Amino acid sequence: MAVSVTNYTVLSAMLFTIGIIGVLTRRNAIIVFMSIELMLNAGNLAFIAFSRAFGSVDGQIFVFFVLTVAAAEVAIGLALIVTIFRSKNTADIDDISTMRG
Amino acid sequence: MLQSYVPILILLVLATGFALISILLATFIGPRHPNTRKLSPYESGMTPIGPAMRRYPVRFYLVAVLFILFDIEIIFFFPWALIFRQLGFFGLVEIMVFILILLVGYAYVWKKGALDWE
Amino acid sequence: MNLPDYNFTALTPALILSLWAILILLVDLLFGERIQRWLSWLTVAGLLVTGASALSLWNVRAEGFSGMVVLDNFAIVVTVIAMIAGILAVLLSSDYLVDRDLFRPEYFALMLFSITGILLLASGRNLIMLFLGLELLSIPLYVLTGFARPDVQSEEAAMKYFLLGALASSFLVYGIALTYGATGSTDLLKIRDALQNVQVITSTLTLGGLILILVGFGFKVAAVPFHMWTPDVYQGAPTPITAYMSVGAKAGGFAALLRIMYVAFPQIASYWTGALVLLAIATLVVGNLLAIQQSSLKRLLAYSSIAHAGYILVGLAAGNNRGVAGALFYLLAYAFTNLGAFGIMIALSKKGEEADSIESYAGLSSRQPWLALAMTVFMLSLTGVPLTAGLVGKIFVFSAAAEAGLWTLLIVAVLTSVISAFYYLRLVVLMYMRDPINDFGTQVHLTPGVRTALALAVIGTVLLGIIPGNLIDFTNQTLAITTQTLVALVH
C-alpha cells in the first residue's frame, strides 16, 4: 500500500500536537525548547510531503530555510540557557520566573 | 517488486546470525577468570577518576554551536551545486558573496576569541 | 535555462541596511575601542541612508526575485516607521549603555539586523520571505533583550521572550505548511488565485493554516490572548530595547499580517475579519484594564502597548482601505509617542536607579519642567487628546471600523480609550499636582543623543497631530501617502 500525502499530514499533525503538549507540560527550559523544535520539524515534514505531492520544490526550499533558522535559534537559545544557568543554577522555568504583575 | 529486497533480507539474516553465533560461542566455550582489574570499565586503560555525568566546560558547547551554525549554511550550496552550470557566472558571483558573508562571520568569531581554548 | 528575474532595486533598503550592519561588525573588528564614541552616529547614518534610499523609490513599485519581494509604497511607509523607531532607539541607547558598562559594538549591529527584518516583513510577498523577515526581526531581539546580563531580570526576560517567540515561529511554520498544502504555493498572489476554487476555500487545511498564521503573528504583535510574555519582557529588557521592541516588532508583525490577509486571503475575508474582531476586543479590554493597576511605568507602558495593538487591530479588522491607512498612520504616531515616553524614562534613569516607579514621578514639573511637559505631550497623545498624533490615529481606525459597520468593536474601542485616559492622565496629575517625595529628578542624563531623540519625538507627535487634523478631510481624502499605498497593495 502506498503511503499517501494524507498519512504524512496526519503524522505531522501528531508530531505537532506532541510538541505542544511538551511545551505545556514540561518545566525544563531545554526540554521545552526541544518540544518547540519538534513542532518546527512537524512543519518540515508537512512541507516535504506536500512538496512531493505537488511535484514542486517550493516546500523543500522552505524546509532549508526553516532548518537554518532553527540552527540560529538553537545557538541563541542554548546561549541564553547557559547564561541563566550560571546566575541561577537552574534551568527550570518556574524557578527562573520572578517578575509578576 | 518485493523480490528485489530479497538480497537485503539475506544479508540481514547473515549479519545478525554471524553476530549472534560469535557472541554465543564466546559465552559458552571462552575461558573466564574474573578479577577486580578485569571487571573495571577499561581493562587496559586508566582507572576512571570520577562519574561520567559530570559537567564539562562550556567551551565545548561554544565550539559545537559554532560548528552547527557554519555547517548548516552549507545546505545552501546544494541547490546551487545542482544547477551551477545553468546559473553560470551569475550563480558563481552570488555564491561568492554568500561565502564572503560567512567569512565575515568567521573573522568575527576568530577575532573575538571564541576559538581560543584557553 | 533562464535566470530568475532578480531585480535588486526591490531590495535596496534591506540590502543597504544589512551591509551596514556587517560594516559595523567589521569596523569594530578593525578599530576596536578607538571609535566606540562614533558607533551610534554611524548607525544613525546607516538608518538615514536606508530611509533616503527607500523614499527615493516612492511610486516606483519595484518587484524582484520572481515576485518574492515587492517594494511598493506600503513597504516604504513601513520602512520609514522602522527607521524612526531605529533612529530614536539608537540615539537613546548609546549613553544608557555606557553608563551601565554594557557598551558592546554588537548591540548596534544586532539592532540593524533586526530592523532589516522589519524591512523584509514590509516588502515580502512570499511566505518564505515573511518567515525569514520575522526571524531576522526576532532573533537579534532575543539577544538584545538579554543584553544587560548578568542582570537576572534581563536574562529572565530574554529567556521568556525566546521561548514564546520560538513557539510562535513554530505555529507560523506549521500554518504556512498547511496553507502550502491547501493552495500549492507560498506566493501570496498564487495563494489568492488558488482560493478562487470553492474546494480550496472549504478545505480544513486552508482554515487551519489561516488560524495558525494568525496565532503566530498574534504572538509577535502581543495581541490578547497571546500577550503573556509582554509585561515581563518589557520590564526586564534594557529600556532602549523595550522602546524599540514596542514599535519595531509591532510594525513588522502588522505589516506582514496586513499583506498576508489583504493580498492572499481576500476571498475568505469573512473568516479572518471575524477572528480579528474578537482578537481586537480581547486585546483592548485586557490591555487597558490591566494597565490601570500597574505601579511600574515600564509595565504600564507594556500593557499600554498591548492596548495599542488592539487599536491597530481595529484597523485591520475593518478590512477596508481606510483600515490599512489607519493602521499605518497609527503605527507612525505610536513610533514617535512611545519612543518619546521611554526616552523620558531613560533621561531620568541612572545606573541602579531606573525611573520605573510611577509614584516617584510626583512633582516632576517643579524640578524638570521641560521633561514633565514632554512627558505630558506623550501621555496626551497615547490617550488620544486633540492636537496630538494619537487622536488622528484613533479617528482613522475608528472611522474605518464605522465604515465596515463593526459597531460593537467601535463601542468597545471608544470605551476603552476613555478608560485609558485614567492611567495616562494619572501620571500627568502626579507630575503637576503633587510635591516631590524624594530627590528623584534632581539629576538628569540629557546627553546630546537623548536630547535629539526627545526633540524629534515631541516634534513628530505634535506635527502629526496638527497637520493632518487641519489639512485633511478624514472622510474623503485620508492621507495622500496612504491612498497610494492601498492602490499599490491591492494589485
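Leaving aside its neighbours within four places in sequence, with which residues is Leu331(C) in contact? Please describe the surroundings of this residue and then the rest of its chain.

Author: The model is a predicted one. Apart from its neighbours within four places in sequence, Leu331(C) is in contact with Ile81(C), Lys250(C), Ala251(C), Phe254(C) and Ile312(C). In soluble globular proteins, nonpolar side chains tend to be buried together.

Helix H13 (residues 297–318) and helix H17 (residues 389–403) of chain C pack at an angle of about 35 degrees, and their axes are 8 Å apart. Their crossing is left-handed. On the H13(C) side the contact is formed by Tyr311(C), Val314(C), Gly315(C) and Ala318(C), while H17(C) contributes Lys394(C), Val397(C), Ala400(C), Ala401(C) and Glu403(C). By class, the residues of this contact comprise six nonpolar, one polar and two charged.

Chain C also meets the other chains. Its contact with chain A takes 37 residues from chain C and 37 residues from chain A. On the chain C side, helices H5 (127–145), H6 (152–183) and H10 (229–236) each supply at least two residues, and H6(C) provides the largest share, 17 residues. The residues of that side are divided into 20 nonpolar, eleven polar and six charged. Towards chain B, six residues of chain C are in contact with seven residues of chain B. On this side of chain C, the division is six nonpolar, no polar and no charged.

Between H5 and H6 of chain C lies Pro150(C), and the peptide bond from Arg149(C) to Pro150(C) is cis, with omega near 10 degrees. Pro225(C) is found in the loop between helix H9 (204–220) and H10 of chain C; the bond joining Val224(C) to Pro225(C) is also cis, with omega near 5 degrees. Finally, Asp101(C), in the loop between helix H3 (73–99) and helix H4 (106–123) of chain C, has a positive phi of about 55 degrees although it is not a glycine. Asp101(C) counts as exposed because it has 9 C-beta neighbours inside 10 Å, and the limit for an exposed residue is 12 or fewer.

Terms used
Residues are numbered from 1 along each chain as its sequence is written. Chains are lettered from A and ligands numbered from 1 in the order in which they are written. This is a predicted model: local features need pLDDT of at least 70, side-chain atom pairs count only at pLDDT 80 or more; totals for chains, interfaces and linings use all residues. Axes are lines fitted to C-alpha atoms, for helices over the stretch in contact, and angles run from 0 to 180 degrees between N-to-C directions. Helices (H or I, at least four residues) and strands (E, at least two) are DSSP runs, numbered from the N terminus. A crossing is left-handed if the near helix is turned anticlockwise from the far one by less than a right angle, and right-handed if clockwise. Two residues are in contact if their C-beta atoms, placed from the backbone, lie within 7 Å. Ala, Val, Leu, Ile, Met, Phe, Trp, Tyr, Cys and Pro count as nonpolar, Asp, Glu, Lys and Arg as charged, and the others, Gly among them, as polar. A residue is buried if 20 or more other C-beta atoms lie within 10 Å of its own, exposed if 12 or fewer, and partly exposed in between; C-beta atoms are placed from the backbone.
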